[in-house]
Amino acid sequence: MNTTRTASETLSLRQQSIIPIAAFAAAGDIARLNTALEQGLDAGLAINEAKEILVQAYAYAGFPRSLNALGELMKVVEARKQRGAQDKQGQLPSRPIPKGDALLAAGTVNQTKLAGGPVKGALFDFAPAIDEYLKTHLFGDVFERDNLDWPSRELATVGMLSALAGAESQLQSHMRISMNVGITAAQLDQLAQVLAQRVDAETGRRAREALARQLATRVGG
């Protein structure tokens, strides 16, 4: 893809570090996740930000991989502390997470903002439970936590989905959502390059092709 990046459209080192962390967590590649976490903390990623990324992984790759990744982060943080590293702890969420109907309402608002409009479809009519889980658990419980900004969450999400074969439709959707929260096409092209260089060529290819499909849809629309 021939996407030109200006200095203001280049992902920061901190943002770049999120991408392989998310991909390795989703893939369950704990050995390489260890290195990615070290690099992320060195790049200025706060410990609580890394936690948020790995907690969010449950929504895309399941609880087992999320739990294993968090366990590895715990080991990395302790080892760095023993070496005398002064890592930033980072912020906790600044407000309580809603419960019950209020959580569903908040998640629906978040999903609508991220997607650029209400999310409907035959699949959600067929299986309304998954629609409710998306709104309450993902866009409610996770995206209501404001100690990791939405662009960072989307970089993580695209990294995770790129690492998962068979999630191309969801990956393309999150390319669109990423643009909706201010990530440029040039930055997403850089994301694909980071995946190709620091994860593997296949993961980078999925991201690159999803971005191309999304850009074609925007031109066609």
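Visitor: Not counting residues up to four places away in sequence, which residues does Arg14 touch?
Guide: This is a predicted model, in which local features need pLDDT of at least 70 and side-chain atom pairs count only at pLDDT 80 or more, while totals for chains, interfaces and linings use all residues. Residues are numbered from 1 along each chain as its sequence is written, and side-chain values use heavy atoms, with hydrogens and water left out. Arg14 is found in helix α1, where a helix is a DSSP run of H or I with at least four residues, a strand is a run of E with at least two, and both are numbered from the N terminus. Counting as contact any heavy atoms within 4.5 Å, and setting aside residues up to four places away in sequence, Arg14 touches Ala43, Gly44, Leu45, Glu49, Leu148, Asp149 and Ser152.

Visitor: Does Arg14 count as buried or exposed?
Guide: The classes rest on relative accessible area, with buried under 20%, exposed over 50% and partly exposed in between, using a 1.4 Å probe and protein chains only. Arg14 has a relative accessibility of 17%, so Arg14 counts as buried.

Visitor: How are α1 and α2 directed relative to each other, and why?
Guide: Helix α1 covers residues 13-27 and helix α2 covers residues 30-42, and their axes come within 9 Å and cross at roughly 155°. Axes here are lines fitted to C-alpha atoms, for helices over the stretch in contact, and the angles run from 0 to 180 degrees between N-to-C directions. Angles under 35 degrees count as roughly parallel, over 145 as roughly antiparallel, 65 to 115 as roughly perpendicular and the rest as oblique. The two helices, α1 and α2, are therefore roughly antiparallel.

Visitor: Which residues of α1 and α2 make the contact, and how do they divide?
Guide: On the α1 side the contact is made by Ser17, Pro20, Ile21, Phe24 and Ala25, and on the α2 side by Arg32, Leu33, Ala36, Leu37 and Gly40.

Visitor: What is the handedness of the crossing of α1 and α11?
Guide: The axes of α1 and helix α11, residues 185-198, come within 10 Å and cross at roughly 55°, and that makes α1 oblique to α11. A crossing is left-handed if the near helix is turned anticlockwise from the far one by less than a right angle, and right-handed if clockwise. By this rule the crossing of α1 and α11 is right-handed.

Visitor: Which residues of α3 make the contact with α1?
Guide: Helix α3, residues 47-56, packs with α1 at an angle of about 40°, with the axes 10 Å apart. From α1 the contact involves Arg14, Ile18, Ile21, Ala22 and Ala25, and from α3 it involves Glu49, Ile53 and Leu54.

Visitor: How many aromatic pairs does the structure hold, and why is the pair of Tyr58 and Phe63 stacked?
Guide: Rings of Phe, Tyr and Trp (its six-membered ring) pair if their centres lie within 6.5 Å, and planes under 30 degrees apart count as stacked, over 60 as edge-to-face and the rest as tilted. The structure holds three aromatic pairs. In the pair of Tyr58 and Phe63 the ring centres are 4.6 Å apart and the planes are at 15°, so this pair is stacked.

Visitor: Which residues do ring pairs link into a cluster?
Guide: The ring centres of Phe139 and Phe143 are 5.5 Å apart and their planes are at 35°, so this pair is tilted. Phe139, at 5% relative accessibility, counts as buried, and Phe143 is buried too, with a relative accessible area of 2%. Ring pairs link into a cluster Phe139, Phe143 and Trp150.

Visitor: What separates the C-alpha atoms of Phe143 and Asn110?
Guide: Phe143 is found in the loop between α8 and α9, and, not counting residues up to four places away in sequence, the residues that Phe143 touches include Tyr60, Asn110 and Leu114. Phe143 and Asn110 are 33 residues apart along the chain, and their C-alpha atoms are separated by 7.2 Å.
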